[in-house]
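Subject: Handing over the model

Hi there,

Here is the structure I promised to pass on to you.

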Amino acid sequence: MKTVWEKYDAKAMKKVMAVSEDYKDFLDHAKTEREAVSKSIELAEKAGFKEFKNVKKIKAGDKFYFNNRGKSLALFVIGKKPLEDGLNILGAHIDSPRIDVKGNPLYEDNGLLMMDTHYYGGIKAYQWVARPMAIHGVICKKDGSVVQVCVGEDEKDPIVEISDLLPHLARDQMSKTGSKVVEGEDLNALIASIPAKGKKDENELVKKNVLNLLKDKYGVEEADLLSAELELVPAGKTRDLGLDRSMVMGYGHDDRICAYTSLAALLESKDPERTSACILTDKEEIGSVGCTGAHSSFFENAVAEMIALQGDYNELKLRRALQNSRMLSSDVSAAFDPNYPQVNDPKNAAYFGKGLSFNKFTGSGGKFSSNDAPAEYIAKIRKIMDDNDVAYQVTELGKVDQGGGGTIAYILANKNMDVIDAGIAVQNMHSPYETASKADIYEAYKAYKVFLKEMK
Ligand code: MN
Ligand code: MN
């Protein structure tokens, strides 16, 4: 098989395109981890899921979710077998590289109001300048209220930008290495330039004007920015890419493309033998740390709560439930790029249109820090994927010693469960706009459904 496109008939093509349309809509409404959680809950509730805190007892077939601070989510469909026998888990992350706003962000410089930032995740800083950016996030006030912010997505909204130097004056800049062409501390966004009417000798009037605007629109003071999470993300919508519309370009495929397809599969899970689970986690891009990252005990606690509702909780049952679980830890892989063939071993590269990518290991410098999935587990996966006509490829992220990366796979594997990295290949990973193949999105969605249903 060259690519999976060859085997699609007209009916299959319709499904391939339909799944991507749903995904595009999800991505356009999920540009931050918080928005991804809200959108996922909306879809889950539509599919009959309830929030666990309102659940008194559980039985096979029940569907519910746990919401962790609006930034990570775990969803379950209870199986016929006891939880102690293990769960089939789909996991992905919903945070993406972006430009976060600092706690004390505003300063005025020669009549321009600037917003200081601290980038989030592994970015090439020079890719994030001279482009329309939107501001998404929350401002939390001392009275406990939370103001939702989303400016720059509606075509009538204003946008902000991080400026770049004109080539005419960039002789010094252009002689620098890539990591220094634009430096992290210089990623300051231009946000305003009209001064408020003020007294003679009054300073920072542009800032005063913007603070007035913020007061009017959101009821917030400058000090409220101390307790805010504001994220600058590329403004605009996901687009079809290619004259044949075979691909999708958008902000934040990493890793909402696996998150959405995992979620969609979970929402369709019906009367499973083993309990189906989907974990959508935060903070992967900065090490999966903190209360909403995969290292948090959130997921484990959720399983414990469910065991307690099944009756006679004890810790051994929880440990057995985790140990007997199997997981697809889904995260994007690096797609072969004809412009940069030299970074891959062609035999082990991930290609567009060849289906879900399984990475036995990730890591770097001799597989360092990788979850190296057991071969026996991979054999089981091959069996169920082949039996159900799912296209997949077994791949590696780049040539040996070319670089590397990590995922959440090892974190769950540390609970002694079988875990393998699986995911959709993308080009331009971690850039403002990433590209993926619609065929791979569709095959991933199929693979996740098969995994929830068939994995023993
Ligand atoms: Mn990722
Ligand atoms: Mn990433």
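First, some housekeeping. This is a predicted model, where local features need pLDDT of at least 70 and side-chain atom pairs count only at pLDDT 80 or more, while totals for chains, interfaces and linings use all residues. Residues are numbered from 1 along each chain as its sequence is written, chains are lettered from A and ligands numbered from 1 in the order in which they are written, and side-chain values use heavy atoms, with hydrogens and water left out.

The manganese ion (ligand 1) has His 93 (NE2), Asp 254 (OD), Asp 331 (OD) and Asp 331 (OD) as its protein donors, at 2.1 to 2.5 Å. Donors here are N, O and S atoms within 2.8 Å of the metal (3.2 Å for Na, K and Ca); water is not among the atoms, so sites may look incomplete. Along the chain, the donors of ligand 1 follow the spacing H-x160-D-x76-D. His 93 in strand E4 and Asp 254 in helix H6 are 161 residues apart, so to speak a link between distant parts of the chain. Helices (H or I, at least four residues) and strands (E, at least two) are DSSP runs, numbered from the N terminus.

The manganese ion (ligand 2) is coordinated by Asp 254 (OD), Glu 285 (OE), Glu 285 (OE) and His 430 (NE2), at 2.0 to 2.5 Å. The spacing of its donor residues in sequence is D-x30-E-x144-H. Asp 254 belongs to helix H6 (residues 253-267), and Glu 285 to the loop between strand E14 (275-281) and helix H7 (298-310), 31 residues apart.

What joins the two sites? Asp 254 coordinates both ions, which are 3.2 Å apart. Asp 254 counts as buried because its relative accessibility is 3%, and Glu 285 is buried at 13%. For reference, buried means under 20% relative accessible area, exposed over 50% and partly exposed in between (1.4 Å probe, protein chains only). His 93 is buried too.

**The sheet around E14**

Nine strands form an open sheet of mixed pairing, in the order E1-E2-E3-E14-E4-E15-E21-E17-E19. Its edge strands, each pairing on one side only, are E1 (50-51) and E19 (392-394). Two strands pair if DSSP finds at least two bridges between them.

Is E14 covered or open on its two faces? Both faces are covered: Thr 275, Ala 277, Ile 279 and Thr 281 on one side, and Ser 276, Cys 278 and Leu 280 on the other, are all buried.

Elsewhere, strand E12 (residues 239-241) and strand E13 (residues 247-250) pair in the antiparallel sense over three bridges. Their hairpin has five residues between the strands, and Gly 242 takes a positive phi near 95° there. E13 also pairs with strand E23 (residues 434-437), antiparallel over four bridges.

**The nonpolar cores**

A nonpolar core is a set of buried Ala, Val, Leu, Ile, Met, Phe, Trp, Tyr and Cys residues joined through side-chain atoms within 4.5 Å. The largest one has 61 residues, of which Leu 75, Leu 328 and Met 385 touch the most other members. Helix H11 (residues 438-454) gives the largest share of this core, 10 residues. A second, separate core of 32 residues includes Ile 99, Leu 113, Ile 123 and Val 149.

**Aromatic rings**

The whole structure holds 13 aromatic pairs, meaning rings of Phe, Tyr and Trp (its six-membered ring) with centres within 6.5 Å; planes under 30 degrees apart count as stacked, over 60 as edge-to-face and the rest as tilted. The rings of Phe 52 and Phe 66 are stacked, with centres 4.3 Å apart and planes at 20°.

Best wishes
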